[in-house]
Amino acid sequence: MNSKFLGTGVALVTPFKSDLSVDHNALANIVNFNIDNGTDYLVICGTTGESVTLTKQEKKEVIKTISDTNNGRVPMVLGIGGSNTAAVIEEIKTTDLSQMDAVLSVSPYYSKPTQEGVYQHFKAISEASPVDIILYNVPGRTSKNMEPETTIRLANDFENIVGIKEAGNNVSQYLELLKNKPEDFLIISGDDDLALGIVLAGGAGVVSVIGQAFPKEFSEMIRLGLKDEGKEAYKIHYKLMDVVGYIFEENNPAGIKAVFEALNLCQDSVRLPLVMASNELKEKIKAFVNKF
């Protein structure tokens with residue numbers, strides 16, 4: 001099993017200043033905060049990083065800031081995905097992946113391909129990628145579920161497809177994947193609220209949103225889960241349960257950025273079409289952070 005991706009990965013935000021330019025100082029501080037407090041690996045330019053609103057140049061600069069700050073301390077995963085297979089392959093071929101341990105690639109969105117289309121999409125990406133691939137299934141955003149049979153087929157057919165970030169909030173689908181997966185294939189939770197239960201059922205860990213704001217506690221919870229110490233792990237789960245609900249109440253990453261603002265790690269600015277968390281939600285988040 002690829003131990004690089006066991007435990008807690010975090011889907012890093014991209015902090016913005018008031019003028020909506022990238023705040024590289026805040027980004028570096030968030031990276032150090034996570035590494036210093038037990039986060040196992042970093043996921044760059046995913047949905048939470050507002051990657052769809054970043055220019056190509058901004059993405060390069062974000063990757064450089066994170067890579068330079070990390071300085072080889074923990075593994076890194078770069079989000080490269082989309083619904084245009086040829087464009088995804090072109091981005092993989094033209095991106096410097098020398099510092100990356102894997103690519104996280106989302107199942108095609110908007111076009112709603114058949115399961116065979118999803119398989120062929122990832123087959124082409126697998127054959128083009130010089131690094132490992134972690135599949136990403138998030139039907140709430142893509143509008144099309146990647147069925148367990150498709151995931152398992154890809155896992156069996158391509159050695160460099162090493163795992164899946166499953167984010168359908170569907171426990172039965174998680175369990176089907178865990179039951180039928182190849183031994184070394186990683187089932188990684190993309191649902192913060194289900195992460196501990198999935199780890200206790202045999203999952204490899206999580207790519208978390210809330211984990212980057214509470215890395216010490218969240219990574220310890222997952223670590224305990226991997227050691228099958230569920231009783232102790234659930235004590236942490238219950239402490240964090242309210243804020244996990246809060247950050248997804250309106251939109252992601254407005255919620256997690258409101259948490260970071262309350263922690264004085266970055267401003268809560270987001271780029272349109274997203275808007276900042278409402279004052280009501282900010283007050284709930286601030287109260288939680290102060291109490292925690």
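Start with the largest pocket: 44 residues line it, and Cys45, Ser51, Lys59, Gly79 and Glu91 lie nearest its centre. This is a predicted model, where local features need pLDDT of at least 70, side-chain atom pairs count only at pLDDT 80 or more, and totals for chains, interfaces and linings use all residues. Residues are numbered from 1 along each chain as its sequence is written, and side-chain values use heavy atoms, with hydrogens and water left out.

A pocket here is an open set of points on a 1 Å grid over the protein atoms alone, where a 1.4 Å probe fits, with protein on both sides within 12 Å along at least five of seven lines; lining residues have an atom within 4 Å of a point.

**Largest pocket.** Its volume, the space filled by probe spheres set on the points, is about 1,200 Å³. Now colour α2 (56–70), β3 (76–79), α3 (85–94), β4 (102–106) and α5 (139–142); each supplies at least two residues of this lining. Helices (H or I, at least four residues) and strands (E, at least two) are DSSP runs, numbered from the N terminus. α2 gives the largest share, seven residues. Colour by class next: the lining has 17 nonpolar, 16 polar and eleven charged residues. Ala, Val, Leu, Ile, Met, Phe, Trp, Tyr, Cys and Pro count as nonpolar, Asp, Glu, Lys and Arg as charged, and the others, Gly among them, as polar.

**Second largest pocket.** The space here is about 380 Å³. Select Val138, Ala167, Gly190, Asp191 and Phe248, the closest to its centre among 19 lining residues. α5 brings the largest share of this lining, three residues. By class the lining divides into seven nonpolar, seven polar and five charged.

**Annotated pair.** Select Tyr136 and Lys165, which an unreviewed UniProt entry lists under "active site"; such annotations may be inferred rather than shown by experiment. They span 30 residues in sequence, yet no two of their C-alpha atoms are more than 4.7 Å apart, so they gather at one spot. Of this set, Tyr136 is in the lining of the largest pocket.

Zoom in on Tyr136, in strand β5 (residues 132–137). Its relative accessibility is 8%, so Tyr136 counts as buried (under 20% relative accessible area, 1.4 Å probe, protein chains only). Beyond four places in sequence, its contacts (heavy atoms within 4.5 Å) include Thr47, Ser105, Lys165 and Ala167.

Finish on Lys165, in strand β6 (residues 161–166). Lys165 is buried too, at 7% relative accessibility. Among the residues it touches beyond four places in sequence are Leu104, Tyr136, Ile188 and Gly190.

Conventions. Buried < 20%, exposed > 50% of the residue type's maximum accessible area, 1.4 Å probe, protein only.
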